[in-house]
Amino acid sequence: MKWEDNVRKVEPYVPGEQPQKKGIIKLNTNECPYPPAPMVEKKLREMECNDLRLYPEFPEKTSLVSELAKYYHVKEEQIFVGVGSDDVLSMAFLTFFNSTKPIFFPDITYSFYDVWADVYRIPYEVKPLDDNFCIRKEDYMCENGGVIFPNPNAPTGILMGVDEIEEIISSNQDVVVIIDEAYIDFGGKSCIDLIPKYDNLLIVQTFSKSRAMAGSRIGYAIGNEKLIQCLNDVKYSVNSYTMNRMALAIGAEAVKDDAYFKEICRKIIATRERTEKELSALGFTFPKSCANFIFAAHERVKAQEIFDKLKEHDIYVRYWNKARIDNYLRITIGTDEQMDALFSALKEILYN
Ligand SMILES: *Cc1c(COP(=O)(O)O)cnc(C)c1O
């Protein structure tokens, strides 16, 4: 017997590169190219350093939770907050996916789901997307231990309608269904309105993409009060104080500035529409995206080659050497200037 035999072995999630080089164009991890709401900076400057002596407040008592509750027209008891939605999702896996039956998620999706399932020893079954990369709702309508998928899905960007999702939720009322809405603010319709109707529905969102605050690590879940209570019980059994004082304070400021939030989402959607036209003209095909990225394949040149050559131009996009998607690039929507630099680099790569 060696100590190694008693180690919890997992293959960790591999995030997109975070190159520290200055002046690069970073279109690889779906961050927002615009700064956070102006009040966020003001709040950061006003914060008392001496307060750091003290533990933070319990998250559910903070203005972050009350502002989110007001914004989404739910009770404070219906909101759970965490250190990015990765923390929220991880807690949700630990809390709700506790069956011996497998949980279901798509074969092409956020690549953290199978990692959490492995680390928490949750059995799972992946359901292949159809040939157009769409989720087949029928696949999720048989016995399982829970269901999770992003809407819009990542990395495809494809949005599923609320009606279709409702069919999945209503045929799975004996398990928890988690909808990961990391990208819902870029033109999709949220399933939040279904919460009063289904006590097994948990919606997870994040400040990392549409609220331009990936670095502050804030995510949240919305659901029935009982679900949220279960999440809090597990969370307080692992680590009570995960969110720090700064994140709790500035998160609330970001939610208050709805006009700014809507404006940056609108700008990203407009740039996405422009990007679609440019990419088509360059010979790319892609499914219609409802997210802040486009999942594109070129008619002639291999994705991996484009990926490598873009790096030589200091432009980073995301590529997976994985079955079914190994000829696709996921390109985050940046500013118009960043996208113009991308288009000219692509012209050089594809036609020289
Ligand atoms: C980015 C992302 C997340 C997690 O983001 P956080 O920064 O941890 O909030 C969760 N789900 C999907 C599908 C994502 O793309």
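Reply: Residues under 20% relative accessible area are called buried, those over 50% exposed, and those in between partly exposed (1.4 Å probe, protein chains only). Asp 314, with a relative accessible area of 23%, is therefore partly exposed. This is a predicted model, where local features need pLDDT of at least 70 and side-chain atom pairs count only at pLDDT 80 or more, while totals for chains, interfaces and linings use all residues. Residues are numbered from 1 along each chain as its sequence is written, and side-chain values use heavy atoms, with hydrogens and water left out.

Me: Where does Asp 314 lie?

Reply: Helices (H or I, at least four residues) and strands (E, at least two) are DSSP runs, numbered from the N terminus. Asp 314 lies in the loop between α9 (303-312) and β11 (315-316). Its phi is positive, about 65°, although Asp 314 is not a glycine.

Me: And Phe 133: what is its phi?

Reply: Phe 133 also has a positive phi, near 65°, and is a residue other than glycine. You will find Phe 133 in the loop between β4 and β5. Its relative accessibility is 7%, so Phe 133 counts as buried.

Me: Which residues does the cis peptide bond with omega of about -5° join?

Reply: That bond joins Asn 151 and Pro 152. Pro 152 sits in the loop between β5 (146-150) and α5 (162-170). The loop between β5 and α5 also holds Pro 155, and the peptide bond from Ala 154 to Pro 155 is cis, with omega near 5°.

Me: How should I read a pocket, and how much space lies in the largest pocket?

Reply: On a 1 Å grid over the protein atoms alone, a pocket is an open set of points where a 1.4 Å probe fits, with protein on both sides within 12 Å along at least five of seven lines; lining residues have an atom within 4 Å of a point. The volume is the space filled by probe spheres set on the points, which are joined across faces, edges and corners. Here the largest pocket holds about 960 Å³. It is lined by 43 residues, and those closest to its centre are Tyr 13, Pro 15, Tyr 110, Ser 111 and Arg 318. Helix α3 gives the most to this lining, four residues.

Me: What is the volume of the second largest pocket?

Reply: About 230 Å³. Of its 13 lining residues, Tyr 71, Ile 184, Asp 185, Gly 188 and Phe 261 are closest to the centre. Helix α8 supplies the largest share of the lining of the second largest pocket, with four residues.
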